[in-house]
Amino acid sequence: MSNRDKKATLSVYLRQLKAINDWSKAKPMDLSTITNPTLIVDGAYDIMVPTVNSYALNQEIKNSTLIIYSDAGHGSIFQHFERFSKSVIEFLN
């Protein structure tokens with residue numbers, strides 16, 4: 001079984017594009033004001049929200065930790081729930 005995302009239907013893809021378009025018109029938030037430790041998790045093959053966005057978040061949020069699952073997609077935390085759970089516990093400790 002592959003850990004990559006299933007293909008999105010046209011309807012899902014169009015709704016996601018609309019949400020991204022609406023969001024992109026909003027004033028950007030100043031993420032540098034986030035001072036709490038922040039865990040950012042993504043899959044390398046996220047077809048809904050490009051993985052490059054997680055790298056950008058990691059750059060903007062100074063006290064952040066980035067985990068990219070190299071063989072996962074948009075549902076990376078579910079595709080790797082055991083590894084993710086351990087990472088969250090370690091991060092919170």
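Predicted model: local features only at pLDDT ≥ 70, side-chain atom pairs only at ≥ 80, totals over all residues.
A residue counts as buried when its relative accessible area is under 20%, as exposed when that area is over 50%, and as partly exposed in between (1.4 Å probe, protein chains only). Residues are numbered from 1 along each chain as its sequence is written, and side-chain values use heavy atoms, with hydrogens and water left out.

**Overall layout**

- The chain has 4 helices and 2 strands, where helices (H or I, at least four residues) and strands (E, at least two) are DSSP runs numbered from the N terminus.
- Read from the N terminus, these elements follow the order α-β-α-β-α-α.
- Along the principal axes, the C-alpha atoms fill a box of roughly 40 × 40 × 15 Å.
- Contact here means heavy atoms within 4.5 Å; among contacts between residues at least 6 apart in sequence, 70% join residues at least 24 apart.

**Around Ser64**

- Ser64 sits in strand E2, which covers residues 64-69, and is buried at a relative accessible area of 15%.
- Not counting residues up to four places away in sequence, Ser64 touches Thr38, Ile40, Leu57 and Asn58.
- Its side chain makes a polar contact with the side chain of Asn58 at 2.8 Å; a polar contact is a pair of N or O atoms within 3.5 Å, where within protein one must be able to donate a hydrogen and the other to accept it, and residues adjacent in sequence count only if both atoms are side-chain atoms.
- A polar atom of the Ser64 side chain also lies 2.6 Å from the backbone oxygen of Ile61.
- Asn36 is 28 residues from Ser64 in sequence, with 8.2 Å between their C-alpha atoms.

- Leu39 belongs to strand E1 and is partly exposed, with a relative accessible area of 24%.
- Leaving aside neighbours within four places in sequence, Leu39 is in contact with Thr65, Ile67, Val88 and Phe91.
- Asp46 lies in the loop between strand E1 (38-43) and H2, and is buried at 11% relative accessibility.
- The side chain of Asp46 reaches the backbone nitrogen of Met48 at 2.9 Å and makes a polar contact with the side chain of His74, also given as 2.9 Å.

**The salt bridge**

- The structure holds 1 salt bridge, defined as a side-chain nitrogen of Lys or Arg within 4 Å of a carboxyl oxygen of Asp or Glu.
- Asp22 forms this bridge with Lys18, and their closest N and O atoms are 2.8 Å apart.
- Because they are 4 residues apart in helix H1, Asp22 and Lys18 are separated by about one helical turn.
- Asp22 is partly exposed at 40%, whereas Lys18 is exposed at 53%.

**The largest pocket**

- The largest pocket holds about 540 Å³ of space, a volume being the space filled by probe spheres set on grid points joined across faces, edges and corners.
- On a 1 Å grid over the protein atoms alone, a pocket is an open set of points where a 1.4 Å probe fits, with protein on both sides within 12 Å along at least five of seven lines; lining residues have an atom within 4 Å of a point.
- The lining has 15 residues, with Trp23, Met29, Leu31, Asn53 and Leu57 nearest the centre of the pocket.
- Helix H1 (10-24) and helix H2 (52-60) are the elements that give two or more residues to this lining.
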